[in-house]
Amino acid sequence: MEEVLSIVTKNENETMLVGEKLAKTVGKGVVFTLVGDLGAGKTHFVKGFVKGLGSDELVTSPTFTLLNVYERGKMPVYHFDMYRLEDVSEAQELGFDEYFDLKSLDGVVLVEWPEKVEGLINCPHIQIKIEDIDSSKRKIVIASNGGEK
Ligand code: ADP
Ligand code: MG
């Protein structure tokens with residue numbers, strides 16, 4: 001992973017704004033991983049991202065469904081949360097791999113807890129890492145794997 005940029009946010013709204021601004025710069029066929037502890041702000045980043053694509057849909061953590069799709073913006077957002085995944089095979093059974101065929105991807109993929117599906121995200125992607133500095137400050141580090149697997 002090569003670091004592209006890092007930003008410190010002071011509250012959830014600023015984290016959402018980072019997601020919102022980033023969303024305005026991307027086209028379809030882009031995969032993001034969201035790394036960070038519980039409560040880091042991964043889902044808030046996605047809330048901003050969906051808003052940035054022009055959708056007013058309510059973004060919630062898809063903890064119990066694995067995948068939420070937001071389709072009312074400029075392009076679909078496939079929001080995965082792998083936190084409760086017991087085994088990589090569960091994701092494979094759900095056809096998770098299909099989302100990483102970037103040429104046929106019609107939207108953007110965002111994956112919370114990519115550590116749970118280690119090895120399955122085998123395409124170029126952008127990693128968003130959110131670290132707690134204190135109760136309200138977060139360091140957001142944006143990195144790219146530069147097309148490596
Ligand atoms: P995750 O998806 O990483 O588990 P959430 O986005 O669901 O995290 O929740 C983040 C929590 O941290 C929220 O309660 C939010 O209000 C709080 N928070 C405090 N400061 C920040 C910040 N700078 N950025 C994002 N969330 C923050
Ligand atoms: Mg979350």
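Colleague: Is His 125 buried or exposed, and what is its relative accessible area?

Modeller: This is a predicted model, where local features need pLDDT of at least 70, side-chain atom pairs count only at pLDDT 80 or more, and totals for chains, interfaces and linings use all residues; side-chain values use heavy atoms, with hydrogens and water left out. Residues are numbered from 1 along each chain as its sequence is written, while chains are lettered from A and ligands numbered from 1 in the order in which they are written. Buried means under 20% relative accessible area, exposed over 50% and partly exposed in between, with a 1.4 Å probe and protein chains only. His 125 is buried, at 12%.

Colleague: How much of the accessible area of ligand 1 does the protein cover?

Modeller: The side chain of Glu 12 places an N or O atom 2.3 Å from an oxygen of ligand 1. A polar side-chain atom of His 44 is 2.7 Å from a ligand 1 oxygen, and a backbone N or O atom of Ala 40 is 3.2 Å from one. Of the 580 Å² that ligand 1 has on its own, the protein covers 78%.

Colleague: Which element gives the largest share of the shell around ligand 1?

Modeller: The shell counts 17 residues, where near means a heavy atom within 4 Å. Two elements give two or more residues each, α1 (12-23) and α2 (42-52). The largest share is 3 residues, and their source is α2.

Colleague: Which protein residues are donors of the magnesium ion, ligand 2?

Modeller: Donors are N, O and S atoms within 2.8 Å of the metal (3.2 Å for Na, K and Ca); water is not among the atoms, so sites may look incomplete. The protein donors lie 2.2 Å from the ion and are Thr 43 (OG1) and Glu 112 (OE). Thr 43 is in helix α2 and Glu 112 in strand β5 (residues 108-112), so the pair ties together parts 69 residues apart in sequence. Both are buried, at 15% for Thr 43 and 2% for Glu 112.

Colleague: Why is the ring pair of Phe 32 and Phe 49 classed as it is?

Modeller: The structure holds 7 aromatic pairs. Rings of Phe, Tyr and Trp (its six-membered ring) pair if their centres lie within 6.5 Å; planes under 30 degrees apart count as stacked, over 60 as edge-to-face and the rest as tilted. Phe 32 and Phe 49 are both buried. Their centres are 5.4 Å apart and their planes stand at 70 degrees, so the pair is edge-to-face.

Colleague: What is the C-alpha separation of Ala 143 and Glu 3?

Modeller: Ala 143 belongs to strand β7 (residues 138-144). Its relative accessibility is 5%, so Ala 143 counts as buried. Ala 143 and Glu 3 are 140 residues apart along the chain, yet their C-alpha atoms are separated by 4.1 Å.

Terms used:
A polar contact is a pair of N or O atoms within 3.5 Å; within protein, one must be able to donate a hydrogen and the other to accept it, and residues adjacent in sequence count only if both atoms are side-chain atoms. Accessible areas come from the Shrake-Rupley method with a 1.4 Å probe; for residues, only the protein chains shown count as cover. Helices (H or I, at least four residues) and strands (E, at least two) are DSSP runs, numbered from the N terminus.
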